[in-house]
Each structure stands twice: as C-alpha cells, then as structure tokens.
Amino acid sequence: MRPNIYKFGELIKDVTTHPATKRTIAGHAQIFDASQKEEYKPILTTTSHLTGQLISRYLSLILGLEDMIANVRMKRLMFNLTGTCTGGRCAGFNAINAMWATSFDIDKELGTNYHARLKTWLQDAQQRDITLSGALTDPKGDRTKSPSQQCDPDLSLRVVEKRDDGIIVRGAKVMICGVAAANELFIMPGTSYKEEDKDYAISFVIPRDSEQLTIIETRRPSDTRELEEGFDTPVDNGGITQSYLLFEDVFVPNERVFMCGEFTYALKAVMNFIAPYRAAIGGCVAGQGDVMVGAAALMARANGLSEKVFRDKLTQMTINNETTFGMGIAAGVLGSKHPSGVWIPNTLLSNVNKVHVATLPYETKRIAQEIAGGIAETGCLPSCKDLNDPRYGKLLQKYLQANCSGETRAKIARLIEWLTIGSGVPGCMHGGGSPDGAKLVINASTDIAHDMELAKRLANITEDIKVEPKKK
C-alpha cells in the first residue's frame, strides 16, 4: 500500500516493521491465525449470506441473536489473545451493519440505490478478506454550533463537490482506532444534522492509502517506553494505534458512496452503529479483565502470597467482568430484527452497558494495582534494558526476586502496568461514545410516566399529582 501514515513528523514506510505500528499489525494478524484453529472457528468465522462461503465474522452481518452473542464472545476472545484492542476490525464491522440497515431505509423511502452498492462492495470485501477500520468522530469545533455554523466549515467531514462519477470530500476524522492495520476505511456520519448541514451527512468506504488522504498516527502518553524492546512492551503481538485522518479533497467513486446528503438518516445511522457496538464493548473490557485477574493472581504468588489472600478482590474483578459481558448479551437477547435483515440490540441496555464500561473496568484496574503493590503502579520498575545491563543487571534482578526470579516478577509487574495505565488500556471511558451521551439515550428511552403509573396503581392512588414548571 502507498505509505501515507506519519508519526513524529516521519513517514512510516512499512507499518509491519515500524516500532509505532508493528504491534497493532501483529495483533490484527492474530485474528487471521486464530480463524484457522478449530477451537476458535465458530466464533471468528461464519457463513456469508451473500455467497454461502466461509468468511470472517468481522465482514459479516449480524442476522440474529446467535450472531450477536458470537460478536460479544469474539470481542472477549480477541482481548484474551492479544491483551489489547483490535479496533481495525470491530468498528468497521459495526459500520457495515449500521449502514446495511440505514441504506436499506434510505433506498426504500427515497428510491436511491445505496443498499445495492453496499451489497456489491461487501461481497467483494468478503472475498478479499480485508481488514476494515470504521470512522465516525469529527473534530466538531465549537460544540454549541452546528457544522455549517463553525468558523471553519471543514471541522466536520463534508462533501465539497459532486461529480458524475463520484464526490470530493474535505475535512477530518479523528481518534480512529486500528487504521495502521486496515486495508480500507468505512466512513460514517458522526451525529445528527439539519438541512443546512446536509453536506456533512455522508457515508462511504475508501482504501486506506487513497490519494489526498494523510494519516497522523497517535498513541497513548506512555508510548515512548512501548517503542522499546523486551518486556517493557509486555504484549509483543498486540498494541493500540489511534489516528487522525486528514482528507484534502479526496475523491470517492459513486459505487463506494452509501449516503450523500440524506441528513434525516444520519442519526439513524449513528444509532444503528452504537447499539451493537456498545453491547459488544462489554465483551472487550471483560476480555482484558480476564487477563488482569490472571496477572494480579500471578503477582500475588510472585510475592510469596496465595491468591486466596486476595479472594474478595479477585471476586470483585470477576463480577465487574461478567457484568459488562452479561449486559452485552442481554442487550442482544432483547434486540429485534430490522427489515433489512440485520439484528439491532436493545438500545436501552446497550447504552446502560456503555455506562458500566466507563466505570467498572477502572475499578478492576485499581484492584489489580492494589494486589500488585507499588512495583506495578508507581512507575519505579527498572527497564528491561537496565535489568539486562552487564554492569548492574544481575544486582537489579537480585533485588527484584521474591517467590520467583527477579526477571519473572518484573515481567508480571510490567504487564499489570501495561493493562492499567499503559497502552493496554482500551477506550473504556469514551470509546464508542461518551457515557454522558449514553445517559442521554437512556433518559430518552426511559418511560418514567409509565413507572409512576405502576406505583400509583400498587398504592391505589387516583389523584393526579402535577408539578408546575419553574419560570426561568
């Protein structure tokens, strides 16, 4: 692919070997490897409803409850295998499903042919078995103003020209996960729009190395340590990458455009995305939580203590993991089938799960740090390079030893550090949207008037109790 990804002002010529990107490539590569193993095939692969061929689940449609449950289990599995995020697959996966339903509705009501285009593209993508990253988030600018009211109209991605053969887009998508590992990028609208903002209501898919597209690779604040080798990067075959996508008049051919100006459907597209995404993210954080439970128990043993000493803490970590995982399953179970054929999880429970995801994993991380002690939390652990220095490395390892070798204890500590304050941390708080945004959806989905009627009936109350609105 054409090199178009930059980091620290440097063009990354090969994402498979550059220190900033090679680990996310390795993490995503594990999906392909695991898909060949019999124990993982039922989770990671499925049968295409388009061709009848075996395909990656990440390029499939969620056609029923079993598919949704497999989706949640798949997210948990990938964190178990890689220790970190494989966002170049899950966001793209959800974008496919979201626009499958949305394009169906647009075509049915407006007579367009977006759904047919998406079907043709998806069949080709399945045959090529590509890695697909999804992109929704715009820079936005001043949050009190709509996209067309901003001081710079490019603060949300927009159409600047329509041609007979396609469209020209300008702007940016920001904080997009897994781009370095992606073959293509699935772009979606980031929010709802009014008629004056219709140029921002767009969805399309393009190759990651498209002309006039520049990608700036960003990482967590701890990334300088993780550019090193050895156990300072405890997960050598997994890593998170985040990117800013800069569109400088990028051409998109018509056959890859799935929404263009249909502003009344933008919010539907977003809601169709967040329902399966926020349900399945409970599996993501549970998968990493599994690793944290194991690492914390290992550190207890390394320090000479039985994990039974920390039974209550480890139990609470498990409760946290199973709460988000189970809530995701519940959201799927109480979902419904869209007329296009895809399964849409329950909106209320998906968003409740998002709120849990923004809280419970952080408690799990805190407990892991408590069990591990200061060696994994204070930042005082010597580097891998120092522990192997010919002058003083043996002394460092000597003073790090406990109920195991100093090197083993250091590896466990670095893993816990990675999982709790390093790049092993997924976007629990804002990944897939903010918890405050989820609470808005929860509020809109809650019928408090109905609940009050239930209470009135049980208490045999007939009086109509009203509160006059306060004057501003």
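1. Lys75, Met78, Phe79, Thr84, Cys85, Thr86, Cys90 and Cys284 line the largest cavity (on a 1 Å grid over the protein atoms alone, a set of points where a 1.4 Å probe fits but cannot get out; lining residues have an atom within 4 Å of a point). Its volume is about 40 Å³, taken as the space filled by probe spheres set on the points, which are joined across faces, edges and corners. Helix H3 (residues 65-82) gives the largest share of this lining, three residues; helices here are DSSP runs (H or I) of at least four residues and strands (E) of at least two, numbered from the N terminus.

2. A word on the basis: this is a predicted model, where local features need pLDDT of at least 70 and side-chain atom pairs pLDDT 80 or more, while totals for chains, interfaces and linings use all residues. Residues are numbered from 1 along each chain as its sequence is written, and side-chain values use heavy atoms, without hydrogens and water.

3. The second largest cavity, of about 30 Å³, has Asn321 in its lining, along with others including Val285, Gly289 and Thr364. Asn321 belongs to helix H8 (residues 311-333) and is buried, at 4% relative accessible area (buried means under 20%, with a 1.4 Å probe and protein chains only). Beyond its neighbours within four places in sequence, Asn321 contacts (heavy atoms within 4.5 Å) residues including Arg76, Asp290 and Val293.

4. Now to strand S10 (residues 213-218). Six bridges join S10 to S11 (residues 242-253), antiparallel, and two join S10 to S1 (residues 5-7), parallel; pairing takes at least two DSSP bridges. Leu213 has Phe247 as its bridge partner in S11, and Ile216 is the partner of Tyr6.

Technical notes
Buried < 20%, exposed > 50% of the residue type's maximum accessible area, 1.4 Å probe, protein only. 1 Å grid on protein atoms, 1.4 Å probe; cavity = no way out; pocket = protein on both sides within 12 Å on 5 of 7 lines; lining within 4 Å.
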